[in-house]
Structures are given as structure tokens and as C-alpha cells.
Amino acid sequence: MQRTLLSKELRECGLYAGLALLAQMHYLGSGMGLPLIPFIGAERGQEIPFLSYGVIGNRETNFVTIAVISAIVFGLNQTVMESWRQTTLFLLHRPLPRSEIFLTKLAAGALCLLVSTALPLLVYCLWAATPGTHASPFFWGMTETWWRDVAATGVCYLAAFLTGLRPAHWLGSRTWPLIAAAFLCVVLRFVPIWPPLIYSGFFVLAVSLIGLILETARVREYP
Amino acid sequence: MFVWLTIGFAVIHNVISFWSLSLLDFIANRDVRHEHLQLTEEGEPVIQSWGIGRGWTSRQLDGTRLPDSTGIKIANGFRVAAPEGHTPYSWNRRVDSFSDYLSPSTNWFLVAPTIRSSTAYFVGYEARSRRLVGYLGINGFSTAQPTKEQSFVITTSFYNAFAGNLASTIAPGNLPEPIEWGEDAAPPNTAQYANATPDEAWILSQGTIYGIQLRSRKVRVLLKDRPDALWLRQASVSRDGRSFLSLVARTETGLLFIDPSTGEQETTSISLLPYDSFYQLTSGKRLLLQMPQASRQGFGRQFVISWFNEAGEVERRQDVELPPSTESKILSFPTMVAASQPSPMTAFVAWVFGPFFSYHEPDATRNYFGELWHALIEFKLWCLVSLLAGGIAGWACRNRERDVFGNKHWFWPIVVGLCGWFGWMGYICVRPLPARLSNRQWMPIQPEPVRPIGTEIFA
């Protein structure tokens, strides 16, 4: 039953994940000299991989924008769209505890997020770490803030999921968890403290959101 | 959930309050003119003023209006404050890029690989083949990565330890333009100096100034045994129609001027304050602009300008006082914080931890309780507003808990009182009012089950 549910969720999020992956491949690929659409985006040789002139560079801006938008789309698609189509009622009548249903959905969303965000970043890191690919220095520490972006994307996905699940008005408090998550992620992205503390902060936020999602799913009266 | 909702609402509240205040500030200050004291390239002070819809105007100190405000060339000075004493945390500020502008060109990078060791070295890559060329450390060129002992020691940002003709091409995170240069092409946007080659740069490292020539890949010692040198800058001087580069280093007792080709030193002994600015004009004149009553953020309306002669002595001194500002302070930082953060907990956290992060000059002595007291005085409006908001929110929460939910515990009133206005909004979302019955009573959250009457067994 769980495998079927996972397959269904992956199928439904797959389209958005594929689009996000293509966009990431284009913008990160242009940094490697392999853009999907030539002439759009900065080309290789104009910047040091992972560094920027300002606080945040164009390539990182593109990366994090695509990642966060896709995370929010995944989260809302798995909740709001299902409520709208009333698929949730069908799912809740399957012989599975509610917590398992929602954890399976979260696992599917997280998998889509990893494929569309972490995987392209890993490829870009490996390219930058290979000698002879660019005429500039590379240290793994340079990629650290980009991995923070990935962690922030995960938190935003969970917050979007909670936002879609909560029974509240859109013009009321429904979006507040997502706004709070975005704010806290921005703080953790830019605060100059020891990186393990940053990732611990992201972990605490994620665990808190998963707990709230399960609690909301348990007490919510459907439809 | 309460925490998430409270933070989410706080963000929305902050955006709305900041937008409202900036709108009010814009309306209130539409007719206000903002005035600044500037020094021209000739070393004469002018007062420049700017107003919405009126553009820039300039006048001399005696009030004579200058006809062409936009044509006035302003001198570039540099702040004399001591730099921060640590390697920057961000990688964007730990890598600077340069080119030797040869054909094929080599991209050179000044890199501080670790924060802890505060060391840096140059690493070069051939632009066309992207091949690693080698490294430059204090001992010159090598194909092996310099050890800590062979690297430059830079305990501050590159900006404070680096000077040179190539300085204009410094663009952290950006490579030099990836085009091929002629055999002897001069770097673009760099001045040609009579006493320096275009590819030379200088680094201050533990009291020694090293000269680095990227084209010949050589490193030489220009000056040593000056451990009191705090930072390095560059200035240009015109003599006989030719430009000469002058390196300027701040020491404990004043400023040190160094000729980059010969290493000749010239000292100007001045008592420097953190907010002072020093000007080396192209005509050779030297000026010091001081703000004796500068605010903690480095702003002030009283200035003292000192002109120095060639011997480094003050030959003229002038006091300047700008007219008092008529600007409305609606968008001042204390007002903004008071309007955007009506929460006792935020105020408390800011007061306790704020002094650790407050702006201060790096060479200033810090006093925690002094900073704390100063913050309490400066932000007394915030103190008042947050306490008021917290008190009202806590009181309203207590009434609601007691009258509606029949709860006599103090947990929610205390939490909501600490979080203030934001806490109240979070609270009413997680504890909404139940339905009201026809007898004006509130429906219990969990309605009592119908009492058994004993005949259910027959149902």
C-alpha cells in the first residue's frame, strides 16, 4: 500500500520535479559551459564557481529561486490540490494510519526535492572540483552556503505542506507558517556562525514542521 | 504551531509597519534639504545639498552658490579607523581576482584558504588552458602550494591589506575579463604611474610591505619592521604633469607615506580619531577632516578641516558647522523598532545580546554595561511600547482563558505577554473562540457527553 502511494505521489510531483531539474540543469549547466538553451544566462569563464561579487550571486539566486519555488509547488500540490480534488478523502479511507499516509507523502516530496535540487548541485560541485575545468581556485568550503540553500529548500517544502494542510483562511493565518519558515531560513542562510550549528537549526525546524504536519493531519476534520 | 504563527505574523507586521513609516517619512520630508560637507579636488570645502525635485546644489562656506554643482570634482578620502582584526568569514571576501594581461593571460587569485590561520597566497591559472600555473608567497613563485610560513599573513580584509595598480580590477567572485591581451597591454581602468608598473601590487603582512609583480612573478620586500602599520591604502600625486603613486599606511602615531619604487618613507604625525578622514590630493596637498562630535554611527554636523604643509605640519585649520537638520525623524531607527517590534521578549533579547553585536570602531574599548545603558536610553520608546503591548496582550489572554476556557493556569498569559502583540495574534489562531450558546455561555471545547439514563441497554 505504501509503495503504491509513494508511486502515486512521485507520479504527481514528477512533472514539477522534471521542470525544476531542467531549469537547474540549464542555469548550473551554463556555469559549466553546457547550457540547455544557449545565449541565456552567464557563460563559463565569467565568474569563480560558487562565489559572487555581492552578498549572493546571480547563479546562486537562480538556483535558490528555482529550488524554493519548486519546493512550495511540491508542498501545495500534495495538499491543496488533493483537497480540491478530494483525493485526500479517498486516501484517508485506505487501511493505513494517517501518520503513515502523510509520512509517505513527505518522503515522496523530499525525494523529488533531492533530485531537482541536491543532485544538480552535487554535479556542479564535482565539476568545479575537477582540475582543468575552470581557471580559478576551488575549495569545498565555497559550496557550503549553497548546501544551506538546499537545507532551506527542505524547510520551505515542509512549511508549504503544512500551509496547504492547515484548515485556515488564505487571507488569514494559513500562510503564516510558510512566511515564518522563509524568514528563519533567510536568517540561517546569512548568519555567520559555525556551520554545524546552522544545519542543526535547519534540522530543528524540519523536525518541528514534521511534528506539526502529523498533528494537524491527526486532528483536522476532513473535508 | 503557536511559535510558527507568531513568527509568521511578526514578519508580516514588520513589512507593513516599515512600509507605512517610510511612506510617512517620505511625505513629512518632501521639502527637506539634505546637506553634506565635501572637499573638492583642490582641497576646498563645499556644502552640497539635495532635495526631492530640486536636485543637487552646492555652495561655498561663505554662502556663495556655485554655478555648476554637477561639475564639481570631489576628492576621495579614506577613513583612518583601524580595520577589523580577523579574516573575513565569507568566501566572497577571501578571494580576489587579477590578471597579468599578457597573451596568453594568467588569472591570479589572492586566496585566504582558512580563517583560523589568517594566511593568504596568490594562485595563478592560465586563462585559456585553465591549467594551474603556480603560487606566489613571501618567498616568490613556486609550483607547490605555500605553507603557512611561506604565505602572507593577513589578519584583516584584503581591502585593508592590499594596494596597487591592479586594485581597480578587484572584483570578488568575478574573473577578469576572459579575453586575450596584447603583449604589453596595460590593465584597463588603471592609471599609468611614473614610479610603478601597471601589474604591481602591494600587500601588508605582519609589518612588512611586499611588492608583487604578476607579470614577472616576483615578490620583493618594499618595507619591513613596521609592526605598528594597521592598514595600507594608495593615493596618487601629480608632479610636473606626471602621476606618481604613493602608498599610505596608518600607524599608531599617524600616517606613513611610502614611495613604491624606492621604499622611501615620510611620516606625518597626527592624533587620529576613528571617524577622521584623510585626503591625499593629486596636487600634493594633504587634508584631515575630523568630526569631533560624531554620533556612534559616525555622523555629525561639526567638522574641523586641517591642511598640512610638505613638512607634515598643520598650516591651516578651519571649523565648519552645518546648519541644524530640519529632517523629521519618523523613520529613525528607534521609532522604527518601536513600531515594528512591540514584543517584550524581542526587546529583552536585543538588549541582552545587542551590545555584543553593536556597531563600534574596531580600536574602541568596549564596555558591556555602558553599551547596555546607552541602548536603554536610545530605545526608551521601544521599551515603553513593548511593555505596554505585552501587558495588554497578557491581560487580554488571562481574561479570555479564565472567562471562555475556564482555565486558571498562567501558562498562556505569560507566554502571550512575553511575545506581545505578535503573541496575541498567534494565540487567537491556536485557541480560537468556541461557538456561543443561546444563553450567552461559551460552548466547551469538548462537549460533555449525554448523561446515561440507565435505559440504554434496551436500545
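**Entry 1: contacts and first bearings**

I began with chain B, where residues 24 or more positions apart account for 53% of the contacts with a separation of 6 or more. I count two residues as in contact if their C-beta atoms, placed from the backbone, lie within 7 Å.

Residues are numbered from 1 along each chain as its sequence is written, while chains are lettered from A and ligands numbered from 1 in the order in which they are written.

**Entry 2: how confident is the predictor?**

I looked up pLDDT, the predictor's confidence in each residue, from 0 to 100. Chain B averages 80, and 85% of its residues score at least 70. Residues 167-183 of chain B stay under 50, and the model has 51 contacts beyond four places in sequence for them. Where pLDDT is low, the predicted coordinates should not be read in detail. For the complex, the predictor gives an ipTM of 0.89 and a pTM of 0.84.

**Entry 3: chain A**

Which elements does chain A have? I found seven helices and zero strands. Helices (H or I, at least four residues) and strands (E, at least two) are DSSP runs, numbered from the N terminus. The C-alpha atoms of chain A fill a box of roughly 60 × 35 × 30 Å along the principal axes.

I then checked the radius of gyration, taken over C-alpha atoms, against the globule rule of 2.2 Å times the number of residues to the power 0.38. A compact globule of 223 residues would come out near 17 Å, and chain A has 19 Å, which agrees.

I also looked up burial: a residue is buried if 20 or more other C-beta atoms lie within 10 Å of its own, exposed if 12 or fewer, and partly exposed in between, with C-beta atoms placed from the backbone. Of the 223 residues of chain A, 42% count as buried.

**Entry 4: where the chains meet**

I found 27 residues of chain A in contact with 31 residues of chain B. Helix α6 (residues 176-190) of chain A gives the most to chain A's side, with six residues. That side divides into 16 nonpolar, 10 polar and one charged. Here Ala, Val, Leu, Ile, Met, Phe, Trp, Tyr, Cys and Pro count as nonpolar, Asp, Glu, Lys and Arg as charged, and the others, Gly among them, as polar.

Chain B has seven helices and 23 strands, and of its 459 residues 31% count as buried. I stopped at B:R30, in the loop between α1 (2-28) and β1 (33-39) of chain B. Is B:R30 buried or exposed? B:R30 counts as exposed, because it has 10 C-beta neighbours inside 10 Å. Its C-alpha atom is separated by 8.7 Å from that of B:G53, 23 residues apart along the chain.

Next I traced an open sheet of four strands in chain B, in the order β1-β2-β3-β4, with antiparallel pairing. Strands pair if DSSP finds at least two bridges between them. β1 and β4 (65-66) stand at the edges with a single partner strand each, so one side of each is left without a neighbour in the sheet. Six bridges join β2 (residues 45-51) to β3 (residues 55-60), and B:I47 stands opposite B:R59.

**Entry 5: strand β7 of chain B**

How many residues of β7 (residues 106-111) of chain B are buried? Six of its six are. B:T106, B:W108 and B:L110 point one way, and B:N107, B:F109 and B:V111 the other way. In a regular strand the side chains alternate between the two faces of the sheet.

β7(B) runs antiparallel to β6 (residues 95-99) of chain B, joined by five bridges, and B:S99 stands opposite B:N107. Their hairpin has six residues between the strands, and in it B:Y101 takes a positive phi near 55°. β7(B) also pairs with β8 (residues 119-126) of chain B over six bridges, in the antiparallel sense; there B:L110 stands opposite B:F122.

**Entry 6: another sheet in chain B**

My last stop was the open sheet β16-β17-β18-β19 of chain B, with antiparallel pairing. β16 (231-239) and β19 (265-269) stand at its edges, each with a single partner strand. β18 (residues 254-258) and β19(B) pair over five bridges, and B:L256 has B:T267 as its bridge partner.
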